[in-house]
Amino acid sequence: MAATRKSIHATLDGPEVSRLPRKTIAHGAEARPVAPAPSSTGSTLHHGRTIVSIDGHDVIECAVCGFCHSDPLVSDEDLKKFYGGTFYEECSEYFRYAEEDKEWAMLRYGYYFEKLESLTEGRRLLDIGSGPGYFLEAARERGWQVLGFEPSTIAAQYTSARGIPVINDFYSAGKAQDLGKFDVISLNLVLEHLRDPISLIDDAKRILAPGGLLFVTVPNDFNPLQMQLWQDHGFAPWWVVPKHHLNYFNPGSLKRLFASRNMETVHQETSYPMELFLLEGRNYVGNFPLGRECHKQRKAFEIALLRSNLPLMHAVSRTWSEQSIGRECIIIGRNPAGSCPP
Ligand SMILES: [Zn+2]
């Protein structure tokens, strides 16, 4: 694995480097921008300069992986325990808010499927880390054949109760080898949680049809609006959450990651830049009720466009992405036609 990753070593020179802070922040003493330094693990596999340190966890700009990630990484055992059970238990209100957001989520997913349907004629979807199953439900409503992998028993039961097929397990190529090929494989807000997101992409590609599509969403972190809030407005880097997020992507690093796995990027956009609320003086960080209020406003904006003007929604979202702003990155990559699984 180390040998294959060396091929992307030289690509870590994107705009995110110049955006990194060079001064101490005014508030948020728990977050500490630090001078360039070797990885704390001294690991030869992962190394790069440390860009922030929070609660004993460093985030390094990894020269090997080509994106930012936590260092040292938490153990596989701790991750499996967390996502197999604790994750949704810790978010006891998760499903209530998911229901509240469902109309908006289904409109957003319909918008994504319209794009996916313009890029492939296949209609077989595997959603890895399917959560409450709304992405699968949106596809099924459009006539797709769907299947989910979801390690949380609570989330898998919530999905299967609606008649949506889901395997209550962590995904691996071995467990999926008898499932046939899929035209689209999706990873919605999954890669930021994993010790080894590169291996998961490679594993997913093993059951992706030649010419099939990989659809990925991840948070867009250390983005220019966040950096401005951090450097000039006294905010701590609230998006760095070592317990939940091990990896930190942006449109550039995500596209390079796809290229390194022989995936041609055929579409990229970002979602609404939630940081605009913070710059407008509505500080929702650590204020959940205000955060929900801002989220409602964001939903109202998107629902208006999603109901009546999808081309404008895509145009706005692509423009945000070109500037590396927007809260989440969305990318669609194409498996080479006629490619053989490694
Ligand atoms: Zn790394």
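**Briefing: a mixed open sheet and its helices**

Strands β8 and β9 pair in the parallel sense, with 6 bridges between them. Within this pairing, Leu-187 has Val-216 of β9 as its bridge partner. The chain passes from β8 to β9 by way of helix α8 (residues 197-205), a β-α-β crossover that is right-handed. The model is predicted.

**The sheet as a whole**

- The open sheet is formed by 7 strands with mixed pairing, in the order β7-β6-β5-β8-β9-β12-β11.
- Its edge strands, each pairing on one side only, are β7 (166-167) and β11 (264-270).
- Helix α5 (residues 102-119) packs on this sheet and touches β8 (182-188), β9 (208-219), β11 and β12 (328-334).
- The direction of helix α5 makes about 155° with that of β9.

**Strand β9 and its pairing with β12**

- Strand β9 is mostly covered, with 9 of its 12 residues buried.
- Strands β9 and β12 pair in the antiparallel sense over 7 bridges.
- Val-218 stands opposite Cys-329, a residue of β12.

**Strands β5 and β6**

- A parallel pairing over 5 bridges joins strand β5 (residues 124-128) to strand β6 (residues 145-149).
- Opposite Leu-125 stands Val-146 in β6.

**The protein overall**

- The secondary structure of the protein consists of 13 helices and 12 strands.
- The protein has 342 residues, of which 39% count as buried.
- Among contacts in the protein with a separation of 6 or more, 72% are between residues 24 or more positions apart.

How values were computed:
Residues numbered from 1 in each chain as written. Predicted model: local features only at pLDDT ≥ 70, side-chain atom pairs only at ≥ 80, totals over all residues. Helix = DSSP H or I, 4+ residues; strand = E, 2+ residues; numbered from the N terminus. Buried ≥ 20, exposed ≤ 12 C-beta atoms within 10 Å, placed from the backbone. Contact = placed C-beta atoms within 7 Å. Pairing = 2+ DSSP bridges. Axes fitted to C-alpha atoms, helices over the stretch in contact; angles between N-to-C directions. Right-handed = clockwise from strand over helix to strand, strands pointing away.
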